[in-house]
Amino acid sequence: MTLLALGINHKTATIEVREQVAFTPAELAGALAELKSLPGVNEAAVLSTCNRTELYCVTDAQGERSVLDWLGRFHGLPPETLMQSAYHYLDGEAARHLMRVAAGLDSMVLGEPQILGQLKEAYQLARDNAGLGGELERLFQHTFSVTKQVRSETGIGENPVSVAYAAVSLASHIFDDFGRARALLIGAGETIELVARHLREAGIRGLTVANRTRERAETLANAFDAEAISLGEIPQVLPHADIIISSTASPLPILGKGMVESALKKRRHRPMFMVDIAVPRDIESQVGELDDVFLYSVDDLQEVIEENRKQRAVAAAQAESLIEHGIQHWQHERRVRGAGDLIRRYREQGEALREEAERQALAQLARGEDPEKVLQRLSRQLTNKLLHGPTLRLREASGEARHDILQAADTLLIDPAASTQDPA
């Protein structure tokens with residue numbers, strides 16, 4: 001079986017492609033079941049965020065094409081479209097990719113901590129829906145262990161910077177005084193929570209949280225002394241918002257061009273700063289065509305994020321080294337497990353020979369034969385039976401000049417310590 005990691009991310013695909021390939025939360029369980037049911041797919045997990053959609057599978061050899069075809073069918077995209085943006089890694093490279101993703105080394109914001117939580121959610125979903133077997137279970141657990149080491153032994157997580165931080169940082173370049181600005185946050189997930197925290201730390205006072213579920217909006221609003229509204233109330237609040245940052249799982253846009261045009265008229269065309277972190281996008285792209293609107297998507301945050309990359313380059317190099325050690329350990333353990341079936345069959349063969357020799361010896365004792373002679377015969381017969389097969393195959397290997405087999409046999413069969421011991 002082959003370990004496969006297949007997907008697209010912010011480095012290989014535009015936001016237009018990423019939003020078409022993203023799974024909504026409601027789709028994930030069904031998608032996982034479909035993926036797991038593909039011929040040759042034994043284990044599967046799905047990771048879907050605003051910057052990446054990745055599938056981790058244990059498949060038959062060369063199963064990546066069938067997985068890619070399924071991804072295209074699920075989202076109604078031709079395979080050729082995905083092939084232009086998709087990447088795939090196998091076995092050790094797949095494990096390395098997963099560990100780099102978990103540590104934030106493959107993120108738009110180098111070292112950002114959110115991806116680890118998203119990966120743990122993907123792991124738990126796969127576990128709850130019977131997507132994991134021994135291979136992926138061990139890989140995820142080892143990945144979490146290595147990531148914990150990376151976080152504790154390097155500076156990759158110091159002064160955490162995320163897409164949320166980058167959005168607020170960009171807003172600070174446009175608004176000199178956050179204390180006089182009002183912000184509307186759409187959504188109530190982890191990203192919006194981080195945005196709210198960064199905005200409060202930057203000094204903003206007027207804060208409104210809008211969410212499809214008002215109760216969830218109120219929970220988040222209470223934590224930051226903000227106002228909570230439903231999505232249906234956005235048109236009334238929008239004219240008063242200087243900063244709008246949105247991150248929901250809505251499959252359709254929440255802010256359209258017409259709604260924003262109406263808000264601008266009421267604002268007498270005072271500028272509005274918008275960041276759409278969602279994939280699929282929450283704000284229609286045509287909104288960016290309006291005068292007095294500064295609209296940014298996650299891809300537009302790259303300049304802010306690049307500065308963070310430079311600051312964390314040293315920590316990233318240390319993290320890569322820890323991950324490399326983690327990969328070597330994982331590969332070693334995997335190879336050890338790979339010999340498990342051979343060891344089991346070898347021991348079963350030896351046990352069968354022992355049981356047969358024991359049965360014969362007990363029968364001889366039951367007939368009254370001399371116990372000493374029975375014991376001597378038992379030891380000779382058992383030794384001969386255990387050595388007969390390997391001896392024949394060693395002779396054959398020697399005749400065929402299979403020096404690799406002879407060298408391996410010398411390592412496996414001859415105990416150097418036993419050969420140097422003095423006889424008792």
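Helices are taken here as DSSP runs of at least four residues, numbered from the N terminus. By this assignment, threonine 411 belongs to helix H17 in what is a predicted model. Leucine 413 is likewise found in helix H17, which spans residues 403-413.

Leucine 413, at 49% relative accessibility, is classed as partly exposed. Leucine 413 also contributes to a nonpolar surface patch with Leu412 and Ile414, the three residues together having about 330 Å² of accessible area.

An open sheet of four antiparallel strands is found in the order E2-E3-E1-E4. Its edges are formed by strand E2 (41-48) and strand E4 (87-90), each of which pairs on one side only. On average, neighbouring strands of this sheet are turned by 15° against each other, direction ignored. Strand E1 (residues 2-9) runs antiparallel to E4 and is joined to E4 by four bridges; glycine 7 has tyrosine 87 in E4 as its bridge partner. Helix H5 (residues 91-102) packs on the sheet through contacts with E1, E2, E3 and E4, and its direction makes about 115° with that of E4. Helix H2 (residues 25-37) lies across E2 and strand E3 (52-59), at about 150° to E2.

A further open sheet comprises six strands with parallel pairing, arranged in the order E7-E6-E5-E8-E9-E10. Strand E7 (227-230) and strand E10 (293-297) stand at its edges; each has a single partner strand, so one side of each lacks a neighbour in the sheet.

Helix H9 (residues 190-202) lies across E5, strand E6 (206-211) and E8, running at about 170° to E5. Helix H10 (residues 214-223) packs on the sheet and touches E6 and E7, with its direction at about 165° to that of E7.

Conventions:
Residues are numbered from 1 along each chain as its sequence is written. This is a predicted model: local features need pLDDT of at least 70, side-chain atom pairs count only at pLDDT 80 or more; totals for chains, interfaces and linings use all residues. Side-chain values use heavy atoms; hydrogens and water are left out. Patches are made of residues with over 30% relative accessible area and no salt bridge: like charges are joined within 9 Å, nonpolar side chains (Val, Leu, Ile, Met, Phe, Trp, Tyr) within 5 Å. Accessible areas come from the Shrake-Rupley method with a 1.4 Å probe; for residues, only the protein chains shown count as cover. A salt bridge is a side-chain nitrogen of Lys or Arg within 4 Å of a carboxyl oxygen of Asp or Glu. Helices (H or I, at least four residues) and strands (E, at least two) are DSSP runs, numbered from the N terminus. Buried means under 20% relative accessible area, exposed over 50%, partly exposed in between (1.4 Å probe, protein chains only). Two strands pair if DSSP finds at least two bridges between them. Contact means heavy atoms within 4.5 Å. Axes are lines fitted to C-alpha atoms, for helices over the stretch in contact, and angles run from 0 to 180 degrees between N-to-C directions.
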